Amino acid sequence: LGIELAELLEGLHGAGQYVYDLDPSQIVIERGGRVRFYAVSGIYPAGTMPTGQLGLFSAPELRRRLSYRVGAHSDVYAVALLLYALLAKRAPLDADIDPHMLCTPRVFRPECPLGIWPYLRPSLEANPARRTGHARGLKLAVGAFARGHFVGGDLALARERAVMDELERSGGAVLEVTSRRS
């Protein structure tokens, strides 16, 4: 689901459009697994802020109405928070959720996949300048987890550390991850 949502955002952002107020009720998974997104609250051109009340999955800079800090990373935050909520089986508690207080979803749901948190954390940074900057970065991080998670033990952890190091060095920029399986 995370990869499909990131691909949808990637297409919107490429056209200069932003959602800013993503909500789980706007996402429909059809038979066969196709993901559809219905932007009920609207799609906004670059530089435009949504009016009215924002949902729980909106980025902190949107909730604080800091228009100069809003961008593609704001949508990335919303998708990552949605994935976090699905993994933890726990929605954000209120509109003032503090990204600094987020912890691994395994705290709330121990059966959550081991090792997913380091892939989501860069997209949930409170500071937009430190957050994954675009949908492609989120797509690559979730994809890297999906590919490496099922390999097993130490190799998966080593791959996880390598991806996280690359994300840190590039500031969330596009990274190339290759998977070698024997």
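**Close-up views of a predicted model**

**View 1. Gly 133 and its loop.** Gly 133 sits in the loop between α4 (117–120) and α5 (135–149), where helices are DSSP runs of H or I with at least four residues, numbered from the N terminus. This is a predicted model, in which local features need pLDDT of at least 70 and side-chain atom pairs count only at pLDDT 80 or more, while totals for chains, interfaces and linings use all residues. Residues are numbered from 1 along each chain as its sequence is written, and side-chain values use heavy atoms, with hydrogens and water left out. With a relative accessible area of 31%, Gly 133 is partly exposed (buried means under 20%, exposed over 50%, partly exposed in between, with a 1.4 Å probe and protein chains only). The C-alpha atoms of Gly 133 and Ser 74 are separated by 8.4 Å, although these residues are 59 residues apart along the chain.

**View 2. His 13 in helix α1.** His 13 belongs to helix α1 (residues 2–14), and its relative accessibility of 13% means that His 13 counts as buried. Leaving aside neighbours within four places in sequence, His 13 is in contact (heavy atoms within 4.5 Å) with Tyr 18, Ala 72, Asp 75 and Ala 135.

View 3. Lys 89, which follows α3, has a positive phi, near 55 degrees.

Terms used: Helix = DSSP H or I, 4+ residues; strand = E, 2+ residues; numbered from the N terminus.
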